[in-house]
Amino acid sequence: MEFIDYRLRWDGQINRSNLTDFFGISVPQASLDITEYTKLASNNMEYDTRARVYRATEAFQPVFQSSAVERYLEDLLRVAVQPDVPYGSFLGWQSPVAGVPKLGRRLNADVVGEILRAIRENGSVEVTYQSMTDPEGSERKLTPHALVHDGNRWHARAYCHKRNDFRDFSLTRIKRAQYAGPDHERASMDAAWNKVVDVILTAHPKLSPAKRRLIESDYSMEKGEMHLECRQALLLYLLFQLNLTEDQAVQRPEVIQLALKNRDEIYALLHP
């Protein structure tokens, strides 16, 4: 049903061969599926007898969230940026699309597997971890409770038994990981992880009124504000993506574009 909905929304049409080719089902089954879809949304498609396809009507309204524009553009981008990586989607006809290449980072599947096991079993792992302050690496015991993606890299959110604190550990810098047995549930003790912060964004106040209205429109702001909920532990990643860290604040307003309305509150949480 989602496949039919997606193809109608983004290809504008669908036929039984689309279903038989994608799912490996019989023609009669494809016909039954299309009939079933019409029960969900009787006004979404009509049959073109000349072309022998079902076409989306002008009254089409998607039934499933998987037909959202964000999902479609994400599908296109993944195929464009990483065509060599197998990726399943409902894409049919594809518009030409290009994306800025992403830097590849080495991920060790065995390391990730051990981290996931520790999360799943409330256990700990013994790791060899390298960092900018310790490029040669040292032994640590970690109790991870979540994975984190900062928009560029994957991290493990973990309790560090060496530092007696919760920190993020880049998965690419864990050179060795070995399950070290059960620990206990620690996620509830991670205050920065469990605290959700309301980040209030506005257009940069030093932009001209016309430029501020443009930025407000870009981000669908209401009454000149946009609210984002973010875990305290992830605030620095978010600010870096938005060009709003203290180091980035010296740039021109046209470069920064946004501003933090609750700047003092957010910056105070970065340095508790």
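Trainee: Which residue of S3 is the bridge partner of glutamate 46?

Mentor: In S3, arginine 55 is the bridge partner of glutamate 46. A word on the source: this is a predicted model, where local features need pLDDT of at least 70 and side-chain atom pairs count only at pLDDT 80 or more, while totals for chains, interfaces and linings use all residues. Residues are numbered from 1 along each chain as its sequence is written, and side-chain values use heavy atoms, leaving out hydrogens and water.

Trainee: How do I read strand pairing, and over how many bridges do S2 and S3 pair?

Mentor: Strands are DSSP runs of E with at least two residues, and helices are runs of H or I with at least four, numbered from the N terminus. Two strands pair if DSSP finds at least two bridges between them. Here S2 and S3 (residues 53–56) pair in the antiparallel sense over 4 bridges.

Trainee: In what order do the 3 strands of the open sheet come?

Mentor: The order is S1-S3-S2, with antiparallel pairing. S1 (13–14) and S2 (45–48) are the edge strands, each pairing on one side only.

Trainee: Now helix H1: how many of its residues are buried?

Mentor: Buried means under 20% relative accessible area, exposed over 50%, and partly exposed in between, using a 1.4 Å probe and protein chains only. H1 (residues 2–10) is mostly covered, with 7 of its 9 residues buried. Among them are Phe3, Ile4, Leu8 and Trp10.

Trainee: What do those buried residues of H1 pack against?

Mentor: Contact means heavy atoms within 4.5 Å. The partners of the buried H1 residues include S1, S2 and S3, along with helix H2 (16–23) and helix H4 (69–81). After H1 comes glycine 12, with a positive phi near 80°.

Trainee: Is serine 131 buried or exposed?

Mentor: Serine 131 counts as buried because its relative accessibility is 14%. Look for serine 131 in the loop between strand S4 (123–129) and strand S5 (138–149). Its C-alpha lies 9.2 Å from that of isoleucine 174, although the two are 43 residues apart in sequence.
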